[in-house]
Amino acid sequence: MKVSVIIPVFNVEKYLEGCLNSILGQSYTDFEVIVVDDGSTDNSGEICDRFARKDRRIRVVHKNNEGVVGARQSGLKIADGDYIAFVDADDWIGSEFLACRIRVMEQEAADMIITGCTIEYAGKSEAATNRIASGIYEKRNMIHHVYPRMLCYGGFYEFGIMPYLWNKLYKKQLLISCHSDVDPDIYDGEDAAIVYPYLLKAGKIVITDAADYHYRIHSESATAQKKTDYYQNVSKLYLYLTKQFQQSDYCQLMMPQLDHYMRMMIWQGNPGSFIESLGVIFPFQEVPKGARIILYGAGYAGRAFHHQICLSGYCDIAAWVDQAYEQTELNKMGVVGLEALQTETYDYVVLAVRTSDLAENITTRLLSCGVDEGKIIFCAQ
């Protein structure tokens, strides 16, 4: 058995069949699938069992809900493969996903294969790659070119190496040493708690730009939720990573990056607390980081939003529009007319207004211009 694919499952009946079918459709066939039903209350468990009856390579573990860390640990304990891959149950993979990674892993005698991914959200697909360049890195090169920037690369906040577990291939024994003692109460940042300590232990890695893992962002996903104990979670993550880095030979490289990472995690919990609000807050929680937007409105709210975006670098402004763009003051600020909706490419139109009535009027106007309603974002202030 070459590879074990571990899938933590919790209430994802809407997406689970597509995920499992993508794995069973792999061109590489020497694998097992360990599906860990983490106390689902929908039909997810039944779907897992049905697929297991259909294909002997699928093993199902049903357990009480403990969270994704505990679910993955349960799968790892019974895995028979030499290599481990993770897939989230609401995502899917391309047909060559396993074949390509295993081939490179064995050709290079690597400890880890790191790839990019394709982000799927709002009906759009966008390829994403690691900031650290693709290539083959042995330990010496890792120390000089990977470790100093793998957790914090720069910009508003960018990872040098994406923190996700699922866009990588691991050696089982090395992974067990990094996964077995992770605090199961960590539910946000739990991937980072494994990936970066693993990288510090690895002797050789390969980074590629392959993007055949399809990462689905949706409102029901765990990453879209911020729980009431979020800051307690951040504290546990910080303490765990601090301990891991201090036990390594690369503490001086990692601790400054960890400080930047923790500031980003705290900021994500309540962005408005860390940005000069001027009485209104840009809808950080509704707009994906790095999205390309058209900012609609150049009044008080529009100017506050524009200031916050420029201050944080959170997203890209394709155009700043307002019906009164011909006013000298607005013209000097770079505000343009509504024709930008037809000439610019964008992911969302963010309405920088303060009342629902005004937002409804603008929305009606935008729909008449052919703007997709799903791309219009308004949050009452």
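Student: Which residue of β8 stands opposite C117?

Tutor: A128 faces C117 there. Before going on, know the source: this is a predicted model, where local features need pLDDT of at least 70, side-chain atom pairs count only at pLDDT 80 or more, and totals for chains, interfaces and linings use all residues. Residues are numbered from 1 along each chain as its sequence is written, and side-chain values use heavy atoms, with hydrogens and water left out.

Student: What makes two strands a pair?

Tutor: Two strands pair if DSSP finds at least two bridges between them. Strands (E, at least two residues) and helices (H or I, at least four) are DSSP runs, numbered from the N terminus. Here, β7 (residues 117-121) and β8 run antiparallel, joined by 5 bridges.

Student: In what order do the strands of that sheet lie?

Tutor: The order is β5-β12-β7-β8, an open sheet of 4 strands with mixed pairing. Its edge strands are β5 (92-93) and β8 (124-128), each pairing on one side only.

Student: What is the order of the parallel sheet?

Tutor: That open sheet also has 4 strands, ordered β14-β13-β15-β16. At its edges stand β14 (316-321) and β16 (376-377); each has a single partner strand, so one side of each has no neighbour in the sheet.

Student: How many bridges hold β13 to β14?

Tutor: There are 5, in the parallel sense. R292 stands opposite D316 of β14. Further along the sheet, β15 (residues 348-351) and β16 run parallel with 2 bridges. V350 has I377 of β16 as its bridge partner.

Student: Which helices lie on this sheet?

Tutor: One is α10 (residues 300-312), lying across β13 (292-296), β14 and β15. Another is α13 (residues 356-368), touching β13, β15 and β16. Contact here means heavy atoms within 4.5 Å. For direction, axes are lines fitted to C-alpha atoms, for helices over the stretch in contact, and angles run from 0 to 180 degrees between N-to-C directions. α10 runs at about 160° to β14. α13 makes about 155° with β15.

Student: Why is β13 largely enclosed?

Tutor: Count its buried residues. Buried means under 20% relative accessible area, exposed over 50%, and partly exposed in between (1.4 Å probe, protein chains only). β13 is largely enclosed by the rest of the structure because 4 of its 5 residues are buried.

Student: How does one read the buried face of a helix?

Tutor: Start from the repeat: an α-helix has 3.6 residues a turn, so residues three or four places apart point the same way. Now take α2 (residues 44-54), where S44, G45, I47, C48 and F51 are buried. Down the axis, they fall within an arc of 160°, so they line one face of the helix. That arc is taken from the directions from the helix axis to the C-beta atoms. Their cover includes β1 (3-9), α1 (16-24), β2 (31-38) and β3 (58-63).

Student: Which exposed residues are on the face turned away?

Tutor: E46 and R53. E46 has a relative accessible area of 55%.

Student: How many disulfides are there?

Tutor: A disulfide is a covalent bond between the sulfur atoms of two cysteines. The test used is a pair of cysteine sulfur atoms within 2.5 Å. The count is 0. For C48, the closest cysteine sulfur, in C19, is 9.4 Å away, too far for a bond. C48 is also buried, at 1% relative accessible area. C315 is in no disulfide either; its nearest cysteine sulfur, that of C310, is 9.3 Å away. C315 is buried too, at 6%.

Student: Which residues touch the most others in the largest nonpolar core?

Tutor: In soluble globular proteins, nonpolar side chains tend to be buried together. A nonpolar core is a set of buried Ala, Val, Leu, Ile, Met, Phe, Trp, Tyr and Cys residues joined through side-chain atoms within 4.5 Å. The largest has 61 residues, and V3, I7, I23, L98, F282 and I293 touch the most other members. Its largest share, 5 residues, comes from α4 (residues 97-108). A second, separate core of 53 residues includes A202, I207, L237 and F245.
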